[in-house]
Amino acid sequence: MAERLETGSRKLLGRLRDAMASDVEGQARLDKITHLIGDSMGCEVCSIYLFRDEDTLELCATEGLNKDAVHQTRMKLGEGLVGMVARDRQVVNAADAPQAKGFRYMPETGEEIFSSFLGVPVQRLGEVLGVLVVQSKSSRAYSADEVYALEVVAMVLAEMTELGAFVGEGAAMSARHSQPVMFKGTIGQEGAAEGHVWLHEPRVVVTNPIADDPHREMERLREAVEQLRVGVDKMLELAGQQDNDQRQVLEAYRMFANSKGWMRRMEEDISNGLSAEAAVEKEQSLARARMGKVTDNYLRERLSDLDDLSNRLLRILTGQGADTGAEMPADPILIARNIGPAELLDYGRSLKGIILEQGSVGSHAAIVARALAIPLVVHANRITTEALNGDHIMVDGEQGVVHLRPDDNVVTAFRDKIAMLAAAQERYASIRDKPAETRDGAVLSLQMNAGLMADLPSLPNSGAEGVGLFRTELQFLVRNQMPRRSELVALYARVLDAAQGKRVVFRTLDIGSDKVLPYMKPNDEPNPALGWRAIRVGLDKPGIMRMQLQALIRAADGRPLTVMFPFVAQFEEYREARKLMEKTLAAEERLGHVMPASIEIGAMLETPSLAFAPVKFFEEVDFLSIGGNDLKQFFFAADRENERVRRRYDTLNVSFLSFLEGIVERCHATGTALSFCGEDAGRPVEALCLAAIGLRSLSMRPASIGPVKNLLRRSNLAEVRKVIADARHRGEMSVRPSIMEWLREQT
Ligand code: PEP
Ligand code: MG
């Protein structure tokens with residue numbers, strides 16, 4: 001039986017290949033294919049449904065159903081048996097379809113006379129393109145072999161759809177990857193950019209889904225897998241013996257590369273007529289479909305390893321390496337499923353925009369994008385499957401919207417927006433050297449956040465008075481090994497040189513939580529954000545912190561030095577850290593190094609507990625900086641990385657503002673210098689409210705300084721305070737609506 005099926009299936013694929021090669025086009029080709037499949041499988045009906053838009057399927061061709069229903073019958077995702085196949089990416093095999101759960105009667109198709117139904121998803125790389133259905137009058141469940149044969153055919157159909165084989169006169173099908181598409185993602189970094197697509201991992205195009213010679217295909221597959229295995233072994237050798245994430249991934253690669261099941265399934269696909277590439281893709285599609293359903297993180301990661309491995313294999317087979325010979329456009333907008341901070345830094349400032357399918361706003365890639373001031377949109381679902389290298393694209397980082405292959409109206413509107421943003425930038429440039437002074441005479445100090453050398457050129461142009469937060473961990477995160485002390489000395493000295501005498505607040509290493517160093521043993525903690533991180537690591541393992549402090553002292557080389565400890569939750573931690581600094585200073589002096597001209601040692605206020613520390617703490621600490629990102633997540637108990645809860649609590653929430661006001665008052669009473677360096681400092685409306693409750697020093701992304709200063713200079717803080725007091729008096733949850741209304745009245 002298997003033998004018969006194999007030859008039957010191969011014969012059908014051979015006929016399909018002829019249909020592909022023949023000069024019939026578009027609809028005629030689709031019609032011919034449904035006829036061939038129905039005929040070869042001995043079924044009265046064969047129909048092809050393809051997606052018309054994201055959630056509507058359309059009957060595009062049929063053999064056996066009423067032809068008038070073609071391009072008329074449509075169903076929503078999940079609607080009827082066909083909609084279910086597409087939604088669940090699963091085969092539906094029903095002996096008595098009209099009785100099956102979910103069956104929906106479509107009178108125009110005349111299908112009620114057909115009892116049995118077999119539907120399989122037409123999918124490519126995990127993306128469902130449509131549904132292929134066969135039906136018969138007799139009431140029977142299709143055999144496993146028949147299901148398998150239809151899946152193989154569906155794979156070929158998917159490739160043909162991708163190649164545009166059904167586009168043409170009367171087909172009412174437009175070519176894939178040619179229509180305008182809009183994606184709504186999440187804002188990662190504001191700004192707008194127009195350019196052309198550059199795919200981080202180019203799509204592999206399979207032009208020969210059907211095998212001419214199965215023996216040859218089998219050989220090609222085996223050779224490619226062997227090449228893959230050798231490559232993985234080599235990578236493992238290079239990775240050495242260390243037990244880290246990279247090694248774990250490589251071990252998983254090796255496991256799959258040697259997996260008999262994976263190989264056997266692909267060989268089976270080939271013996272049924274698929275080419276080696278199509279067989280790899282078929283398995284990859286199944287793995288991707290599974291990935292969408294699996295909730296277990298470990299399993300998801302393993303499936304994603306399999307996905308990466310399939311990509312490698314496809315590149316070997318098609319000869320389309322990561323380097324496809326394509327030239328990066330002059331105005332590249334990078335599209336990737338995800339990207340690490342180091343890879344992003346490699347592209348550097350050449351990119352005009354970045355769009356990620358996954359990623360998160362708090363990720364390090366996002367921090368790097370922000371440091372480089374490149375517009376970034378994350379969670380742009382499906383964009384890597386839609387976009388092609390060189391496509392015209394527009395990124396609106398202000399709204400989190402991406403326009404791929406935009407039509408003329410969108411282009412015009414978007415260019416107007418870019419012009420408006422550029423005009424605003426000019427306005428900001430004109431006040432660059434003016435003070436951030438409000439209409440009622442409050443003067444604020446605006447500083448910038450930084451973390452990479454790439455940030456420093458922005459210092460003179462941004463109008464920042466100094467660097468209010470230098471995140472030192474970024475330098476550790478973008479490397480594959482722990483930086484040496486001498487490297488750190490050179491780096492910190494360059495930072496101080498670039499600052500040209502302006503104050504730079506170096507924050508000591510803030511690792512742990514989401515910031516896991518690739519070369520440190522991962523720490524399996526149930527709640528990393530509440531775990532062993534930042535100062536806790538620094539105090540428990542003082543070696544790294546001491547090395548960093550030494551590097552800072554040496555880099556200062558007689559210049560003033562400002563250091564700040566992250567995530568201090570109680571007075572004692574600050575005292576201990578300060579003691580370590582004092583000891584290090586004394587030891588460095590003994591070694592003959594020049595002492596800093598002056599030294600300030602501050603703490604970040606990122607946990608609510610520190611706001612209630614004894615007065616003595618406020619008196620002892622040289623300065624405090626509110627890390628609003630962490631403070632807010634702990635105040636509301638809402639994970640800053642979790643998109644679901646992140647936006648639930650507003651920074652302008654009355655309770656949070658009252659809490660911040662309490663901190664300002666305590667600092668005022670003890671004469672403690674206070675600043676605010678979380679992301680909110682860079683949002684004009686938030687910054688205005690922070691100024692109104694008494695903050696006089698804000699540190700933010702360089703690009704935010706202009707907009708924040710602009711609003712501060714136009715505002716009267718006494719009036720803002722009144723708006724806040726009134727909203728509080730009325731018992732409102734957040735002062736935002738009242739502030740926004742007040743702002744509207746001002747213009
Ligand atoms: C903060 O928590 O607000 C902060 C500035 O530090 P990070 O974002 O690096 O945790
Ligand atoms: Mg923090």
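In this predicted model, an oxygen atom of ligand 1 is placed 2.8 Å from an N or O atom in the side chain of Arg471. Such a pair is a polar contact, defined as N or O atoms within 3.5 Å; within protein, one must be able to donate a hydrogen and the other to accept it, and residues adjacent in sequence count only if both atoms are side-chain atoms. Glu606 has a polar side-chain atom 2.9 Å from an oxygen atom of ligand 1, and a polar backbone atom of Gly628 lies 3.1 Å from an oxygen atom of ligand 1. Around ligand 1 there are 14 residues, of which Arg471, Arg507, Glu606, Asn629 and Arg640 come nearest; a residue is counted here if one of its heavy atoms lies within 4 Å of the ligand.

Residues are numbered from 1 along each chain as its sequence is written, while chains are lettered from A and ligands numbered from 1 in the order in which they are written. Local features need pLDDT of at least 70, side-chain atom pairs count only at pLDDT 80 or more, and totals for chains, interfaces and linings use all residues, while side-chain values use heavy atoms, with hydrogens and water left out.

Helices (H or I, at least four residues) and strands (E, at least two) are DSSP runs, numbered from the N terminus. Two strands pair if DSSP finds at least two bridges between them. An open sheet of 6 strands has the order β3-β2-β1-β6-β5-β4, with antiparallel pairing. Because β3 (74–76) and β4 (92–94) stand at the edges with a single partner strand each, one side of each is left without a neighbour in the sheet. Within the sheet, β1 (residues 45–53) and β6 (residues 127–136) pair in the antiparallel sense over 6 bridges, and Gly130 in β6 is the bridge partner of Leu50.

A second open sheet contains 8 strands in the order β7-β14-β13-β9-β10-β11-β12-β8, and its pairing is mixed. Its edge strands, β7 (181–184) and β8 (186–189), each pair on one side only. Strands β11 (residues 353–356) and β12 (residues 376–378) run parallel and are joined by 2 bridges; Val377 in β12 is the bridge partner of Ile355.

Two packed helices are described by the angle between their axes and the distance between the axes. Axes are lines fitted to C-alpha atoms, for helices over the stretch in contact (heavy atoms within 4.5 Å), and angles run from 0 to 180 degrees between N-to-C directions. The axes of α25 (residues 684–692) and α28 (residues 736–746) come within 11 Å and cross at roughly 100 degrees. The two helices α25 and α28 are therefore roughly perpendicular to each other, a description used for angles of 65 to 115 degrees, whereas those under 35 count as roughly parallel, those over 145 as roughly antiparallel and the rest as oblique.
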